[in-house]
Amino acid sequence: MFKRYYYQFFILILAFMVFYSYTAKVIIVGIALFLLGMLSMKEGFKHLSGTILETYLQKSTDTLPKAILSGFLATTAIQGSTLISIIVISFLNAKLMTLLSAVGVIFGSNIGSTTTSWIVSSIGLKIDIAPYAMPMIIFGVVFGFSENKNIQAIGKTILGFGLIFLGIDYMKDGFESLQSSFDLTKFAMSGWTGVFVYVIIGMVVTVIMRSSGAAMALFITAVATNQISFLNGIELAIGANIGTTTTAIIASLNANANGKRVAFAHFSFNMFYAIIAIIFIYPFSDLINTLASAIGIDDNDYAMKLALFDTTLNIISVIAIYPFTNYFISYLQKLFVNEKDEIEKPLYLDNIVINIPNAAIEAIRKEVTHLYDNAIEVISHSMFLHRHDFLKSQNIEDIVKKSDISLEEDINQFYTNKIKSLYGEIIYYSTLSQENMNDNDKNRVYDLKLASRDIVEAIKNMRDLQKNILYYLNSKNSYIKDEYNNIRVYIAKTIDTIEKIKENGDDIEALTTLELLRESIKNLDSVKNSKIDSLIRENKIDSKMATSLINDSSFAYDVTQKLIEVATIVWIKNKEIRKLGGSDESR
Amino acid sequence: MKVDKFLKSIEKLFFNENHNEETKEHIKGKLLEKIDSVKKELKATLNEDEIKELKDKLSILNKLLKRV
């Protein structure tokens with residue numbers, strides 16, 4: 001009942017507060033502007049940081065201390081831990097980061113998110129920032145009208161800062177005016193009752209605002225204007241640290257094991273923080289007073305002391321949990337395991353990253369690679385070969401000749417379980433992800449969709465080819481047998497060459513290899529070469545065999561061409577280099 | 001020097017077309033480098049199979065260069 005109507009109930013209370021009290025209205029406007037500013041700034045940063053942030057996080061997180069430092073720096077730079085969590089999950093899914101590094105980044109990100117408190121308590125409350133906010137809002141909006149996406153993003157970031165500054169100013173004004181009419185300090189609570197009540201309030205406010213940064217800005221402003229006591233402010237901050245994990249927990253409910261592991265790591269860390277903070281609240285409060293005096297913070301500057309508390313306790317929590325991180329990782333790996341199913345499920349298509357263009361593209365690219373690997377398994381088996389026998393082999397011809405043709409594979413079953421559902425998921429996810437993308441990114445996703453379609457069509461061609469391969473490999477006619485072995489060799493060599501491309505970091509070298517492969521495969525199409533004519537003329541094969549060979553070599557040619565297309569789209573990273581590929585006829 | 005770098009990055013940010021031209025020049029440069037190295041390899045080898053392979057590679061690299 002309450003769950004069903006809580007939103008309406010919340011709106012009613014909000015409306016009552018806004019219309020009944022001018023002061024409440026000013027504070028709420030401040031919160032609304034602050035939240036709007038954070039949203040705008042996040043959007044701007046998301047576009048501007050693009051691959052830079054992702055590349056940085058990928059390359060500088062190989063050890064736990066580096067991961068913690070990177071998490072701290074990245075969160076400080078973009079003023080938001082949610083985007084960092086999302087990137088971390090996408091990297092875990094794409095196997096670009098280990099779980100240990102991901103947890104390290106989350107730890108660091110928790111410390112980094114406390115810098116918002118420092119900005120609010122130092123710049124926001126000490127300097128009259130409203131005059132700076134106005135030009136920021138004006139130029140932010142003007143830049144937002146630009147057609148250039150980068151200028152638009154700069155505009156959103158500036159506008160975000162402007163709105164945040166204006167929001168802080170409103171909150172400050174609101175609390176100051178409240179001070180003259182209504183004394184909130186009457187509600188100050190001491191002892192364990194105070195701890196319990198204020199931690200819950202901090203948690204609820206953060207859940208409603210969906211941002212610990214905004215909640216902390218509110219609490220710090222209230223402490224700075226002496227509306228609540230420093231100790232109650234600490235309790236609110238503890239509540240905010242618990243409340244901030246709920247967004248990640250809710251988002252992870254539908255996520256895969258990696259998403260759940262990261263969300264649970266975040267939740268556990270913040271709970272650990274909260275528990276030690278609550279148990280040692282009084283000694284910590286004394287410690288903060290001592291530390292504040294030592295670094296020159298004024299005794300009555302409770303806003304900065306609150307920021308100091310938030311940062312210090314996060315650092316202490318990281319130090320305390322650091323020696324046990326490896327045990328924690330093993331526990332997370334055991335606690336959340338991906339379900340195994342007959343029907344292959346996507347490994348990388350996580351809904352958490354669908355709105356981040358670069359992360360979504362990487363997820364789709366990885367999933368297409370997954371689809372390709374499954375397809376290579378079925379293609380190899382349908383020509384009675386095992387991948388591990390011929391990949392990286394020096395003599396594929398020999399392996400093909402000596403292969404055991406009794407190897408049975410039900411292509412239809414395999415197609416249903418490991419290809420069809422995965423292909424459907426890629427198309428569905430790609431289409432949804434394109435909604436938030438610019439034209440360049442949309443085109444990239446479109447190409448990846450084409451690559452998936454090529455993979456599926458290659459398998460369908462193999463399905464047609466399989467029966468005749470089996471039939472003619474059992475034939476007593478050695479000529480037709482050789483021709484079908486030749487078809488198998490060409491396909492196996494194509495797969496083998498592409499496998500080498502996957503590990504090649506040089507795009508030009510990779511494209512040259514693929515183009516050479518494309519040229520050599522032209523010999524496969526029997527209609528285009530004269531070999532089949534001589535086989536017929538010399539009565540080495542009959543008319544039925546000739547027809548089959550013409551059709552099947554054409555199928556095999558299509559399979560190899562499609563695999564080369566897929567390799568060009570998926571493994572050549574540079575867009576301009578990718579465009580240079582393709583046969584002369586297709587250009 | 002640092003000012004030049006800064007201005008170039010601003011130019012990249014605001015004018016994508018120049019960035020595209022720069023990328024094309026970079027690719028051309030890389031292709032020419034590869035062509036030179038294949039030509040050198042071609043001069044150094046006597047093996048007929050290798051010569052054929054290198055000639056094919058050279059023709060592909062020239063084709064790609066024309067497409068840039």
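Me: Is Asn539(A) buried or exposed?

Reply: Asn539(A) counts as exposed, because its relative accessibility is 68%, where exposed means over 50% relative accessible area, buried means under 20%, and partly exposed is in between, all with a 1.4 Å probe and protein chains only. This is a predicted model, in which local features need pLDDT of at least 70 and side-chain atom pairs count only at pLDDT 80 or more, while totals for chains, interfaces and linings use all residues. Residues are numbered from 1 along each chain as its sequence is written, chains are lettered from A and ligands numbered from 1 in the order in which they are written, and side-chain values use heavy atoms, with hydrogens and water left out.

Me: Where is the place of Asn539(A) in chain A?

Reply: Asn539(A) is in the loop between α24 (531–537) and α25 (543–571) of chain A, with helices taken as DSSP runs of H or I with at least four residues and strands as runs of E with at least two, numbered from the N terminus. Although Asn539(A) is not a glycine, it has a positive phi of about 60 degrees.

Me: And which residue takes a positive phi just after α17(A)?

Reply: That is Phe384(A), with a phi of about 60 degrees, and it is not a glycine. Phe384(A) sits in the loop between α17 and α18 (387–390) of chain A, and it counts as buried because its relative accessibility is 4%.

Me: How many residues does helix α17 of chain A have, then?

Reply: Helix α17 (residues 357–382) of chain A has 26 residues, and from first C-alpha to last it reaches 37 Å, close to the 38 Å expected at 1.5 Å a residue; the expected span is 1.5 Å times one less than the number of residues. Of the 26 residues in α17(A), 23 are buried, leaving the helix mostly covered.

Me: Switching topic, which residues form the nonpolar patch on the surface?

Reply: The nonpolar patch is formed by Tyr6(A), Tyr7(A), Phe10(A), Ile11(A), Phe196(A), Ile200(A), Val204(A) and Ile208(A), which together have about 800 Å² of accessible area. The elements giving two or more residues to this patch are α1 (2–20) and α9 (191–209) of chain A. Patches are made of residues with over 30% relative accessible area and no salt bridge, with like charges joined within 9 Å and nonpolar side chains (Val, Leu, Ile, Met, Phe, Trp, Tyr) within 5 Å, and accessible areas come from the Shrake-Rupley method with a 1.4 Å probe, only the protein chains shown counting as cover for residues.

Me: What does Tyr7(A) count as?

Reply: Tyr7(A), which is found in helix α1 of chain A, counts as exposed because its relative accessibility is 54%. Val204(A), in helix α9 of chain A, is partly exposed, with a relative accessible area of 41%. Val204(A) and Ile242(A) are 38 residues apart in sequence, and their C-alpha atoms are 9.5 Å apart in space.

Me: How many salt bridges over all chains?

Reply: The structure holds 19 salt bridges over all chains, each being a side-chain nitrogen of Lys or Arg within 4 Å of a carboxyl oxygen of Asp or Glu. One of them joins Glu509(A) to Lys34(B) at 3.1 Å, N to O. This pair crosses between chains, from helix α23 (residues 507–521) of chain A to helix α2 (residues 16–44) of chain B. Lys34(B) counts as buried because its relative accessibility is 19%.

Me: Which residues are linked in a network of salt bridges?

Reply: The network links Glu515(A), Arg518(A), Glu519(A), Glu565(A) and Lys63(B). Another salt bridge has Lys502(A) and Glu499(A) with their closest N and O atoms 3.2 Å apart, and both residues lie in helix α22 (residues 478–502) of chain A, 3 residues or about one turn apart.

Me: What about chain B, how many helices and strands?

Reply: Chain B comes to 3 helices and 0 strands, following the pattern α-α-α along the sequence. Buried residues make up 24% of its 68 residues.

Me: And which helix of chain B gives the most to the negative patch?

Reply: Helix α3 (residues 48–67) of chain B gives the most, with 4 residues. The patch of negative charge on the surface gathers Glu41(B), Glu48(B), Asp49(B), Glu50(B) and Glu53(B); Asp and Glu count as negative and Lys and Arg as positive, with His and the chain ends not counted, and the place of a charge is taken as NZ of Lys, CZ of Arg, CG of Asp or CD of Glu. Glu50(B) counts as partly exposed because its relative accessibility is 40%.
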